[in-house]
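Let's take a friendly walk through a protein model together. Have a look at the picture and the sequence first, and then read on.

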Amino acid sequence: MTYIAPAPSTVDDIIAQVKFDANGLISALAQAPDGVVLMLAWMNADALRETLLTGRVCYWSRSRQKLWRKGETSGQQQKLIEARLDCDMDAVLMIVDQTGVACHTGRRSCFYHGVTPDGLRDTSQPEISAEELYGR
């Protein structure tokens, strides 16, 4: 599947309908085409606009206070296949083509802490080391 970007004016119309929170953010869920939830991050209007216009997923880094293009340091990019806003227009679901792993821990998905009767249990192991991902 190939993402076809809307015209810039259409993207602006879409963003005007989004209900950003008090910090100017919406939650952004990245999901693989097979249904696996890869990660949750945040987008501001600029990140959402860039993502919708270019098809390369861009987030807002709350810790760095700047745009974060997924994979800019690790190479583990996300290419947008489809974007959907929820019924309240305050969250976005992105179906993405994920290069490599999505999680900074080297796992395919960030959602690997399984809740069990005995506490948390990791449901997957890293596929790549942080050293390999980030050169550290």
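This report looks at a pocket, some annotated cysteines and a nonpolar core.

Please keep in mind that the model is predicted.

**The largest pocket**

The largest pocket has a volume of about 480 Å³. Its lining is made up of 24 residues, and Arg64, Trp68, Lys70, His104 and Tyr134 are the ones nearest the centre of the pocket. Of the elements, β2 gives the most, with four residues. What kinds of residues line the largest pocket, by class? The lining has 11 nonpolar residues, along with seven polar and six charged ones.

**The annotated cysteines**

The UniProt record, an unreviewed entry, places the feature "binding site" at Cys87, Cys103 and Cys110. These positions span 24 residues in sequence, and the farthest two C-alpha atoms are 27.3 Å apart, so the three do not all gather at one spot. From this set, Cys103 and Cys110 belong to the lining of the largest pocket.

Now let us visit two of these cysteines in turn. Where does Cys87 lie? Cys87 is found in the loop between β5 (78–85) and β6 (91–98). Cys110, for its part, sits in the loop between β6 and β7 (113–116). Is Cys87 buried or exposed? The table gives the answer for Cys87, together with the value for Cys110.

| Residue | Relative accessible area | Class |
|---|---|---|
| Cys87 | 74% | exposed |
| Cys110 | 29% | partly exposed |

The cut-offs explain these classes: exposed means over 50% and buried means under 20%, with partly exposed in between, so Cys110 at 29% falls into the middle class.

Which residues does Cys110 touch, leaving aside those up to four places away in sequence? Its contacts are Leu38, Met39, Ala102 and Cys103.

**The largest nonpolar core**

In soluble globular proteins, nonpolar side chains tend to be buried together. In this model, the largest nonpolar core has 26 residues. Those with the most contacts inside the core are Leu38, Met39, Met43, Leu48, Val57, Tyr59 and Met94. The elements that supply two or more residues to the core are α1 (8–17), β1 (26–31), β2, α2 (45–54), β3 and β6. Among these, β2 gives the most, with four residues.

**Putting the parts together**

Leu38 and Met39, which are touched by Cys110, are among the core residues with the most contacts.

Technical notes. Residues numbered from 1 in each chain as written. Predicted model: local features only at pLDDT ≥ 70, side-chain atom pairs only at ≥ 80, totals over all residues. Heavy atoms only, no water. 1 Å grid on protein atoms, 1.4 Å probe; cavity = no way out; pocket = protein on both sides within 12 Å on 5 of 7 lines; lining within 4 Å. Points joined across faces, edges and corners; volume = space filled by probe spheres on them. Nonpolar A, V, L, I, M, F, W, Y, C, P; charged D, E, K, R; others polar. UniProt positions renumbered as here; feature names shortened; annotations may be inferred. Buried < 20%, exposed > 50% of the residue type's maximum accessible area, 1.4 Å probe, protein only. Contact = heavy atoms within 4.5 Å. Core = buried A, V, L, I, M, F, W, Y, C linked by side-chain atoms within 4.5 Å.
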